[in-house]
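Me: Hey, I'm new to this one. Can you walk me through it?

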Amino acid sequence: MPLIAPGRPAAYANMTLSLFNPGSRLFGAQRVKYLLALPAFIFIIIGIIYPTGYLLYNSMTAWSLTRLDLGQTFIGIENYGKLLADERFYSSLGITAIFTIATTSIQTVLGVTLALLLNRNIRGEGLVRTLLLIPWLVAPFISGFNFRFMMAPNIGVIAQALDFLGLDTITKTSILGSPRTALGALILVHVWNGVPGTMLVVTGGFKTIPEELYLAARVDGADRLQLLRYITLPLVRYAILISAFLTTLFIFKAFEMIFIMTGGGPGDSTEVLALYQYWVGIRSLKIGYGSSIAVVQLLVAFIVSLVYARLMFREAD
Amino acid sequence: MKRIGILLSLVLLLLLPAGQAQDMVTISIGAETGVHADALIANADRCAMEVGVDYEAHQLPPGEWINSILPTEAAVRSGLYDIAYIPISKIAQFVAADYLLPLEDFDIDALDPDDIAFFNLTEYEGKHWLVPWLNEYQGILYRTDLMNDPDEQAAFMEANGYELAAPQSMQQYFDQVAFFHRPDEGLHGNIAYGLRAAWITILHEALSFMHGIEVVDHETLEININTPEGIAALTDMMMLYGYADPASYTAGWVEGNANFTAGRDFSLVTWNSVLLYGNDPDTSDVAGNIGFQLIPLPGDGVEEPEGFLSQWGPAISSTTEHPQETWEMLVCLTSTESGVHGVTATKLGNSPSRISVLQDERALARFPWLGDIAAGIQGLNIISTPNIPEYGDVRGEVLPRLLSTMITGEATIEETAAALEAEIMQILVDGGHVEG
Amino acid sequence: MDQRMSRANRLLTYALWLFLLAVFLFPIYWLIASSFKTEGQQFAIPPVWFPAPATLENYINLFSDAKVINSVKNSLLVAGITLAAVSLLGIPAAYSMARFRVGGSLMMLVIFTARLLPPVAYIIPLFAIARGLNLYDKQGTLVLLYTFFSLPLAIWMLVGFISTIPDEIEDAAMIDGASRLGVIWHVVLPLIRPGLASITIFMLLSSWNEFALAVTLTARNARTLPVTMYTFVTNQNIAWGELAAAGVLSATPIVIAGLLVQKHLVVGLVAGSGK
């Protein structure tokens, strides 16, 4: 595998520049290069525009499946006005923020730590790393049920273990049944599910660091902590950023495990935006209003990814 | 380039819908996955043969089937199903969507309507829309081994001054729950469902009935929550959680029933279908020791028993291209013979709607308690819920969310009552059922 | 770099590994144990930590269920064709983007956006569209959608891999008279093979385990494994034993695939992201 200058995402940086490059013409001599990209571009653009357009249109209608007599009446931005005054929307936005930020940070710190622990060229390391991948590979809704039953009082194994340790105050109210512990439990379960991905990406980052850098530093008398501080972490910063980005997007959309484990409850203490959107748009059949929540969700995700994109491009310079 | 072109066209070929040519009429049945739907579809082979059609059965995950897939299909009207298996609580919604054909369009007498218990409940806007297949009654499951224990009876008499027997009134039930609540011995007065899902509303509904009110009156659409009786029902609900198994706070259907059948709890307010597996010795420690009592109402509940009932059954989609064959299929699927087959020949059986099935010896041989139901039906006065398209939302979303906030102590009873009333009122207003 | 590790240090490391594995894999153990429990053991109080005697009933039920077999076929078909379609569309596009900067950062941003779309939000529009175009309950519909949802990440990772290849290697091949496609096929693909391994796992993972779209868009014919698994959750009961067995079975092929490409998985993602 050809080695590249580590930690320098030159391709992306160059792309930014190329947009402003007057020399790049749409139909040059090598038409083939556009033909190569065209099918995928068309596919993606249609794939974005068609359903998103439909979503956007729905979000401006009063469409509700309990009032089919009304049909898809166009009502402009009325749904959005309603949304701005909707307390449950703000509550779910806040919970989504806590959930996303907490999961992403814990997962990133833990993932980097695991990657470091398993990057010491010790025999058996590869096997351990692969076994740690398994949580990532199980279908999320299966894991959701698994944890729901494990955490249930009486029948649940975790509750029994906590009881055994004398922590039965937690299980008396039950882990997922108390607003104080439910969100935390969901965060941990998502971290459990996602941390192998972070570990993989970061480990990948380590492997791009040329061994010579370490040798040189050692000759200069650097100790292990200094190697970590001045060589390893700075050089995998970009990999960490990418994995945090992917995690953020993924967690922001997280739905299945939450739906199965708490349904958004107790009360609305674990009702993230995706769940709120589901309850309103699908279960309560208010397609119009549900669509407007989805549009806002999309918008928030877009802003977040713009921030990340900025960070990444800056990293590239 | 050529290779890619060939591959691309291969992919496109695979994407093309496969055309199917068939001579025989195919009746498509849409249903959920579940015990009673299985019992219905267990008859489809035979019925298709009798009617002379082909059939295909689509069984979809229960929540998705009735809450999102079928409503979406009703909106899009693509003609996926000839027969749709639905509960009575959704009739209004699908009739509003013009998705169902009234049974009056056909020779309704072929169903022998008098043999179907509470067929009248499927009536909406003066017509009948589905043929009941499952009749499920809400009530109290209690432990007969504890109830019939002479020592317990003596102690109960001592404590309460009257005899320990199947609860005939709300107060009797509460006394029993308090009496049998002994957490140190691993026995709890009751277990309730607590997960934020429709199950959580069962106890609240039952307590409202016990206080003589319907949560939302099915005739006047009056909201009986932020009223003295409504507050009392919520207060009693909190009281019962105080005598409840700690598992109640997260229990879904499975967890709740599992705790009860493990012998940890004296009682459970639920549907009688729990008897189907509560009496299965393979999974239940209390098999054979479960009694069932319909919800006791204020006044003298013995002379004029009342009950809350849920029904599921097949309905005919207005998108069908073969109404006559579909109708014949429907008649066969819901016949006495099919009903008995549904009870006897499937893994967990069914709680049938037809009186002739309830009295059938083969069915009784499997579930003796069917006889009690058959006897109890006479003079049973059914309580109901509002027949409006939005009520599924009230029961499946609003009540679970706010009740779950209350039982975890995040909101007071008064706050919950006020919030429930406000949200439900908004739904009724939005639906155009009451003036704002 | 740690060949000179002391014995104590080594023991400590192994103890740490064991601890990590115990914490991370206990839920997996519980899933596997559940799949070998009888109905009576499943929700026993107190919980059964080790199913003895173990039963194979859940697995036997699964394998004797024609619906399960059919949905395994569907899942394989859908995941396989999706992978092929993603490769077919993604590789040339990524090559063109990495090599000639076609589309520039604008297209990169658009591709980002496609990655943001929450599938749950699209259920109703997609159902309506699928029924309108007679695409309901067809494997092809899922292929189409999964390709769409997977393509952005694939292109994104591929661009990273391809731009690690020095121009000179390709130029040499071009001088020897190879066409662009020839270069992609004979030069680029072999060089990024480790990257392809990790992309494959990512793509398989997302289409193999996808649930929200499949449950809405399939009925009987095209139903995939996750949806069939979910039908073990009925209105009366959750057949947790069979659900767990199905979960174990459905994870097995991906775990095996992961084990096979594990070395590449680690190296693979580097270029895609770290670069």
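**A walk through the model**

Reply: Let's start in a loop: Glu125(B) sits between β4 (123-124) and β5 (127-128) of chain B. Keep in mind that this is a predicted model.

Me: OK, what's the phi of Glu125(B) like?

Reply: Glu125(B) has a positive phi of about 50°, although it is not a glycine.

Me: And is Glu125(B) buried or exposed?

Reply: Glu125(B) counts as exposed, because it has 11 C-beta neighbours inside 10 Å, and the cut-off for exposed is 12 or fewer.

Me: What about Asp137(C), what is its phi?

Reply: Asp137(C) has a positive phi of about 55°, and it is not a glycine. You'll find Asp137(C) in the loop between α6 (123-132) and α7 of chain C. With 19 other C-beta atoms within 10 Å, Asp137(C) is partly exposed.

Me: How confident is the prediction for chain B?

Reply: The mean pLDDT of chain B is 88, and 93% of its residues reach 70 or more.

Me: Where does pLDDT stay under 50 in chain B?

Reply: That's residues 14-21 of chain B, for which the model has seven contacts beyond four places in sequence. Where pLDDT is low, the predicted coordinates should not be read in detail.

Me: Which domains does chain B have?

Reply: The domain assignment gives domain 1 (26-135 + 310-380) and domain 2 (137-308). Their centres, taken over C-alpha atoms, are separated by 29 Å.

Me: How many residues of each domain are in contact with the other?

Reply: Ten residues of domain 1 of chain B are in contact with twelve residues of domain 2 of chain B. On the domain 1 side, the residues divide into four nonpolar, six polar and no charged.

Me: Let's look at a helix in chain B. Which residues are buried in α8 (residues 170-180)?

Reply: In α8 of chain B, the buried ones are Met170(B), Tyr173(B), Gln176(B), Val177(B) and Phe180(B). Seen down the axis of α8(B), those buried residues fall within an arc of 130°, so they line one face of the helix.

Me: What do the buried residues of α8(B) pack against?

Reply: They pack against several elements of chain B, including β6 (134-143), α6 (144-147), β7 (188-191) and α10 (228-242). Also on the list are α9 (201-210) and β8 (265-271) of chain B.

Me: Switching to chain C. How many helices and strands are there?

Reply: Chain C has 14 helices and zero strands. Its C-alpha atoms fill a box of roughly 70 × 70 × 30 Å, taken along the principal axes. Of the 275 residues of chain C, 57% count as buried. Among the contacts in chain C with a separation of 6 or more, 76% come from residues 24 or more positions apart.

Me: What's in the largest nonpolar core?

Reply: That core has 310 residues, and those with the most contacts inside it are Ala94(C), Ile155(C), Leu158(C), Ile162(C) and Leu243(C). Helix α7 (residues 139-162) of chain C gives the most to this core, with 17 residues. The core also draws at least three residues from each of domain 1 and domain 2 of chain B.

Me: Which residues is Ile162(C) in contact with?

Reply: Leaving aside neighbours within four places in sequence, Ile162(C) is in contact with Ala94(C), Tyr95(C), Ala98(C), Arg99(C), Val188(C) and Ile192(C).

Me: How many residues does the contact take from chain A and from chain C?

Reply: It takes 88 residues from chain A and 90 residues from chain C. Helix α2 (residues 32-58) of chain A supplies the largest share of the chain A side, 17 residues. That side divides into 61 nonpolar, 22 polar and five charged residues.

Me: And Gly144(A), where is it found?

Reply: Gly144(A) is in helix α6 (residues 140-151) of chain A. Gly144(A) is buried, with 21 other C-beta atoms within 10 Å. Beyond its neighbours within four places in sequence, Gly144(A) is in contact with Glu256(A), Met257(A), Ile260(A) and Met261(A). Gly144(A) and Phe259(A) are 115 residues apart in sequence and 8.3 Å apart in space, C-alpha to C-alpha.

Conventions: Residues are numbered from 1 along each chain as its sequence is written. Chains are lettered from A and ligands numbered from 1 in the order in which they are written. This is a predicted model: local features need pLDDT of at least 70, side-chain atom pairs count only at pLDDT 80 or more; totals for chains, interfaces and linings use all residues. Two residues are in contact if their C-beta atoms, placed from the backbone, lie within 7 Å. Helices (H or I, at least four residues) and strands (E, at least two) are DSSP runs, numbered from the N terminus. Ala, Val, Leu, Ile, Met, Phe, Trp, Tyr, Cys and Pro count as nonpolar, Asp, Glu, Lys and Arg as charged, and the others, Gly among them, as polar. A residue is buried if 20 or more other C-beta atoms lie within 10 Å of its own, exposed if 12 or fewer, and partly exposed in between; C-beta atoms are placed from the backbone. The arc is that of the directions from the helix axis to the C-beta atoms. pLDDT is the predictor's confidence in each residue, from 0 to 100. A nonpolar core is a set of buried Ala, Val, Leu, Ile, Met, Phe, Trp, Tyr and Cys residues joined through C-beta atoms within 7 Å. Domain bounds come from an automatic or database domain assignment.
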